[in-house]
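Colleague: Hi! Could you walk me through this one? I'm new to looking at structures.
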Amino acid sequence: MTRYLLDTNILSEALKPRPAAAVAEWLQDREDTDLFIAILTVAEIWRGVLTTPIGRRRRELEMWFAGPEGPQALFRDRVLSFDERAAIEW
């Protein structure tokens with residue numbers, strides 16, 4: 001079994017209304033249970049939400065982030081911590 005750690009740019013691309021075909025196809029060929037994200041990815045996405053100007057789009061992103069389609073819900077039990085031990089392994 002091969003497992004994959006998705007970087008923020010891959011997750012961001014996949015969540016676009018029209019993701020790049022290569023990314024979409026690659027993800028479709030994988031089992032969801034084999035896909036992971038790091039807690040740093042959650043932080044980077046949240047930072048992106050917070051840097052969006054206050055208004056309708058930001059409210060939508062905040063609701064998405066906290067909702068059932070947000071990264072923490074989509075990757076429940078597949079969000080990996082990144083601590084000193086992980087840094088040394090990396």
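Colleague: Is Tyr4 buried, partly exposed or exposed?
Modeller: Tyr4 is partly exposed, because its relative accessible area is 25%. Buried means under 20% relative accessible area, exposed means over 50%, and partly exposed lies in between (1.4 Å probe, protein chains only).
Colleague: What should I know about the model itself?
Modeller: This is a predicted model, where local features need pLDDT of at least 70 and side-chain atom pairs count only at pLDDT 80 or more, while totals for chains, interfaces and linings use all residues. Residues are numbered from 1 along each chain as its sequence is written, and side-chain values use heavy atoms, with hydrogens and water left out.
Colleague: Thanks! How many aromatic pairs does the structure hold?
Modeller: There are three aromatic pairs. Rings of Phe, Tyr and Trp (its six-membered ring) pair if their centres lie within 6.5 Å; planes under 30 degrees apart count as stacked, over 60 as edge-to-face and the rest as tilted. The rings of Tyr4 and Trp26 are edge-to-face, because their planes are at 80°, and their centres are 4.9 Å apart.
Colleague: Where do Tyr4 and Trp26 sit in the chain?
Modeller: They link distant parts of the chain, 22 residues apart: Tyr4 is in strand 1 (residues 4–6) and Trp26 in helix 2 (residues 21–28). Helices (H or I, at least four residues) and strands (E, at least two) are DSSP runs, numbered from the N terminus. Trp26 is partly exposed, at 31% relative accessibility.
Colleague: And how are the rings of Trp64 and Phe65 arranged?
Modeller: That pair is edge-to-face, because the planes are at 65°, with the centres 6.3 Å apart. Ring pairs join Trp64 and Phe65 with Trp46 in a cluster. Phe65 is buried at 9% relative accessible area, whereas Trp64 is partly exposed at 24%.
Colleague: Switching to helix 4, which of its residues are buried?
Modeller: In helix 4 (residues 56–66), Arg58, Leu61 and Phe65 are buried. They lie on the same side of the helix, because they cover an arc of only 60° around the axis; the arc is that of the directions from the helix axis to the C-beta atoms.
Colleague: Which residues are exposed on the other side of helix 4?
Modeller: Arg56, Met63 and Ala66 are exposed there.
Colleague: Last one: what does Ile37 touch?
Modeller: Leaving out residues up to four places away in sequence, the contacts of Ile37 include Leu6, Val42 and Phe75. Contact means heavy atoms within 4.5 Å.
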